[in-house]
Amino acid sequence: MRIILVTGTGGAGRTAVATGTALAEAKAGRRVQLVSADADPASTTSADTLRLLTPEPAADFRREFLALQSRSATALDLLGTTPFEDAELTELPGSAQFALLRAVRDAAATDADLVVVDLPPLSEALALLALPEQLRRYLRRLLPPERQAARALRPMLAQLAGVPLPAQWLYETTARWEAELAAVQDVVDSPDTRVRLVVEPGPAASDALRTARLGLALQGLALDAVVANRVLPADSADPWFAGLAAEQHRHLAALREEHPAVRELPHLGRAPRGPEDLALLAVEDRPAAPAPGWRVEDRREADGILVWHVPLPGAVKEALSLVRRGDELLLSAGPFRRNVPLPAVLRRCAVTGAGLVEGDLRIRFTPDPGLWPKAAP
């Protein structure tokens, strides 16, 4: 199954591009799931093999909250708490993000050939894609999996020493959340998942491209294509129109210098009206290069070090920071940060330096003699 995640700058037409792409693939005979909160359902009925999955944050929040309340009913009764009813619940901030993640997970679990996801605007989309990994890390820190094995000992420990251990429902809830987040992260990290950026050629397009490349690279993802939407024809006889088109094409040239895969879509002269217009906004699916891998280079024999190569296109030295905390590396690049588990071979080393060379962050590690296996005599 292929998965296409579509984001873009605000107002660039990402929903229309996502819908047009899904329609074109469905009319070509593929089974397609379109995940979108904004797509017009009437536009998707023209293709028999296209299904629209619309996230429902309010219903999703009520269902999850009531399920959690039901599982913790015993504890709430002891506290004398009055439970909430379905009708009085209203969604909280952040519900839309979780509903979208669940919709992506559900769509990927179907028998579709292709899933097209209409993501929020760029900054929100980058935060959304990083969310499953971040939340899983928090859960592991607050309730480590190895402690869950102790729940079988809880009655005995309580009798012998009065050791307070979290109730079983808490562990079960945590395990369920972990499973759900892991399923979403598997979709995001899959080699069959691609990210597309929709922009309108203009002064902000190059900035959006640099932000997207850096934010995605920090998550180990690659930008599949840049979709330049609403491109004006360059051969107008009207001087004002021709000047505007010329400016657009200068920005298009700048985008091509920064990214090899730029696809152009025409300006329709109006907002898309129905399947016929949306068909003009379909983006052909082409083979894409995978995200550059984070690799460890063994230079112990020559220099006594190992080098961890982290591709960060567009990063600048002044906006980078590294902090080692146990077996994790807190890596910040511009406005983005990520806690990355160290590869096993680097956990027995000390960080001794780093350098940025043409978008490649090279972190140097020196083996710790006290932890590194000694060579046989």
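A residue is called buried here when its relative accessible area is under 20%. Keep that in mind as you look through these close-ups of a predicted model.

**View 1. Helix α4 and its buried residues.** Welcome to α4, which covers residues 95–108. Which residues of α4 are buried? They are Ser95, Ala99, Leu100, Leu101, Arg102, Ala103, Val104 and Ala107.

**View 2. The one cavity.** Searching the whole structure turns up one cavity of 30 Å³ or more. The volume of the largest cavity is about 50 Å³. Around it you will find Leu5, Leu101, Val104, Leu119, Leu128, Leu129, Val187 and Val188. Three helices, α4, α5 (122–142) and α8 (168–189), each supply at least two residues of this lining. What classes of residue make up the lining? Eight are nonpolar, with no polar and no charged residues.

**View 3. The largest pocket.** Here the volume is about 540 Å³. A lining of 24 residues surrounds this pocket, and Asp60, Glu64, Phe98, Arg102 and Trp177 lie nearest its centre. Two or more lining residues come from each of α2 (57–71), α4, α5 and α8. By class, the pocket lining has 15 nonpolar, two polar and seven charged residues.

**View 4. Arg196 in strand β5.** Say hello to Arg196, a member of β5, the strand of residues 193–199. Is Arg196 buried or exposed? Its relative accessible area is 2%, so Arg196 is buried. The side chain of Arg196 makes a polar contact of 2.6 Å with the side chain of Asp224. Beyond its neighbours within four places in sequence, Arg196 is in contact with several residues, including Ile4, Leu5, Val6, Thr7, Leu223, Asp224 and Glu284.

**View 5. Arg14 in helix α1.** Our last stop is Arg14, found in α1, the helix of residues 14–27. With a relative accessible area of 13%, Arg14 counts as buried. What lies 2.7 Å from a polar atom of the Arg14 side chain? The backbone oxygen of Leu119 does. Setting aside neighbours within four places in sequence, Arg14 also has contacts with other residues, among them Val6, Thr7, Gly8, Asp38, Asp118, Pro120 and Val198.

Terms used. Residues are numbered from 1 along each chain as its sequence is written. This is a predicted model: local features need pLDDT of at least 70, side-chain atom pairs count only at pLDDT 80 or more; totals for chains, interfaces and linings use all residues. Side-chain values use heavy atoms; hydrogens and water are left out. On a 1 Å grid over the protein atoms alone, a cavity is a set of points where a 1.4 Å probe fits but cannot get out, and a pocket is an open set with protein on both sides within 12 Å along at least five of seven lines; lining residues have an atom within 4 Å of a point. Grid points are joined across faces, edges and corners, and a volume is the space filled by probe spheres set on the points. Helices (H or I, at least four residues) and strands (E, at least two) are DSSP runs, numbered from the N terminus. Ala, Val, Leu, Ile, Met, Phe, Trp, Tyr, Cys and Pro count as nonpolar, Asp, Glu, Lys and Arg as charged, and the others, Gly among them, as polar. Buried means under 20% relative accessible area, exposed over 50%, partly exposed in between (1.4 Å probe, protein chains only). A polar contact is a pair of N or O atoms within 3.5 Å; within protein, one must be able to donate a hydrogen and the other to accept it, and residues adjacent in sequence count only if both atoms are side-chain atoms. Contact means heavy atoms within 4.5 Å.
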